[in-house]
Amino acid sequence: MGLPVILLRIFLLLAITMVPISDAWGKEGHFMVCKIAENYFSDRTSTAVSELLPADAGGDLASVCSWADEVRFRYRWSSPLHYINTPGVCNYKYSRDCHNAKGEKDMCVVGAINNYTTQLQSYGGDSSGYDLSESLLFLAHFVGDVHQPLHVGFQVDEGGNTIIVHWYRRKTNLHHVWDVNMIETAMKDFYNNDLNSMIEAIQMNITETWAGEIHQWETCRGRSVTCADKFASESIQLACDYAYQDVEEDSTLEDDYFYSRLPVLEKRIAQAGVRLATILNRIFYDSSASGNLNDLLLKSVVEIIEANTISAK
Ligand SMILES: *[C@@H]1O[C@H](CO)[C@@H](O)[C@H](O)[C@H]1NC(C)=O
Ligand SMILES: *[C@@H]1O[C@H](CO)[C@@H](O)[C@H](O)[C@H]1NC(C)=O
Ligand SMILES: [Zn+2]
């Protein structure tokens, strides 16, 4: 075996280990979700989050919002926690769909959101034996993932990962279009390649266009602290109505697709941010109230937005 062959082998090996198995909103998507959430943290949440953040986060949750993607290979068991597959239907059922490939129950993104929420509820109490810093980083990431419509997609095409398409002239897959390509193109075309401008535009809509919907974003039927089942149901519906709609293997997706889908994606980022704040505010309120949500003392994000608006005037 000559040197070139060895080099080729090394190269292939590196290529295999480095292939981004695209199963997660790109860094930008997660960063935006966490940045938006930070605006609506209660004081208790801000304090708890800064205590739990690892030192290398520099006090900013957004900077470590993609940590869960970085440990997918080190923590192999965590890989199925980034998504849910349905058996080719446009609805989601926890009992049917929330499991990993081995059929272990709860091993999906909704199960993970509930799991890490429960772990964080022990914050400030007796040590639960869990690493709550990791619980926080997982939770912040998975609330983002469950809002990306194709993270609740069809089993057969792995949430669009096996559907090869062209994004304008570039070859990619449908899942990656929603994780990364649409955000990149939006940044380039509308936001001067500045992530902060995109975040500001989304936030503007939270306080104006969508203000009347936020109460509905924060709540769900049943007494679930996280409402994660509802987020997953919305995602598969949006996957069917927008992401998969009019797309086939080898489709070329360009302006028509981009302009009609981008508003959906931006609203999902907004919802993920608001809901992450809501969940954390409930968790860190909850921990001091022996498990009972006290609606009178627990501020909703709607009230936090109102208070921020008044103090900004
Ligand atoms: C819950 O969290 C623990 C600790 O990270 C992990 O071992 C377990 O697999 C998680 N289960 C789910 C459903 O997320
Ligand atoms: C803001 O809302 C308007 C009106 O619904 C919509 O056209 C626009 O795409 C939204 N922009 C962002 C950044 O969400
Ligand atoms: Zn992910």
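The order S4-S3-S5 describes an open sheet of 3 strands with mixed pairing, where strands are DSSP runs of E with at least two residues and helices are runs of H or I with at least four, numbered from the N terminus. This is a predicted model, in which local features need pLDDT of at least 70 and side-chain atom pairs count only at pLDDT 80 or more, while totals for chains, interfaces and linings use all residues. Residues are numbered from 1 along each chain as its sequence is written, and chains are lettered from A and ligands numbered from 1 in the order in which they are written.

**Exercise 1.** Work out which strands stand at the edges of the sheet, and in which sense S3 pairs with S5 and with S4.

*Solution.* Begin with the edges: strand S4 (170–173) and S5 each have a single partner strand, so one side of each is left without a neighbour in the sheet. Next, take the pairing, for which DSSP must find at least two bridges between two strands. Strand S3 (residues 164–167) pairs with S5 in the parallel sense over 2 bridges, and Thr252 of S5 is the bridge partner of His166. With S4, on the other hand, S3 pairs in the antiparallel sense over 4 bridges, and here Trp167 has Arg170 of S4 as its bridge partner. Finally, look at the hairpin of S3 and S4, which has 2 residues between the strands and in which Tyr168 takes a positive phi near 55 degrees.

**Exercise 2.** Find which helix lies across the sheet strands, and which residues of S3 belong to its covered face.

*Solution.* The helix is H8 (residues 174–190), which lies across S3, S4 and S5 and runs at about 100 degrees to S4. On S3, the covered face consists of Val165 and Trp167, whereas Ile164 and His166 form the uncovered one.

**Exercise 3.** Describe how helix H2 and helix H7 cross, and at what angle.

*Solution.* First, the axes of H2 (residues 27–38) and H7 (residues 132–147) come within 10 Å and cross at roughly 110 degrees; axes are lines fitted to C-alpha atoms, for helices over the stretch in contact, and angles run from 0 to 180 degrees between N-to-C directions. H2 is therefore roughly perpendicular to H7, a term that covers angles of 65 to 115 degrees. The contact (C-beta atoms, placed from the backbone, within 7 Å) is made by Gly29, His30, Val33 and Cys34 of H2 together with Ala140, His141 and Gly144 of H7.

**Exercise 4.** Decide whether Ser251, Asp106 and Asn193 are each exposed or partly exposed.

*Solution.* Start from the rule that a residue is buried if 20 or more other C-beta atoms lie within 10 Å of its own, exposed if 12 or fewer, and partly exposed in between, the C-beta atoms being placed from the backbone. Ser251, in the loop between helix H11 (228–243) and strand S5 (252–253), is partly exposed because 15 other C-beta atoms lie within 10 Å. Asp106, in the loop between helix H5 (94–97) and helix H6 (109–120), has 14 C-beta neighbours inside 10 Å and so counts as partly exposed. Asn193, in the loop between H8 and helix H9 (195–207), has 11 such neighbours and therefore counts as exposed.

Terms used
Parallel < 35°, antiparallel > 145°, perpendicular 65-115°, else oblique. Contact = placed C-beta atoms within 7 Å.
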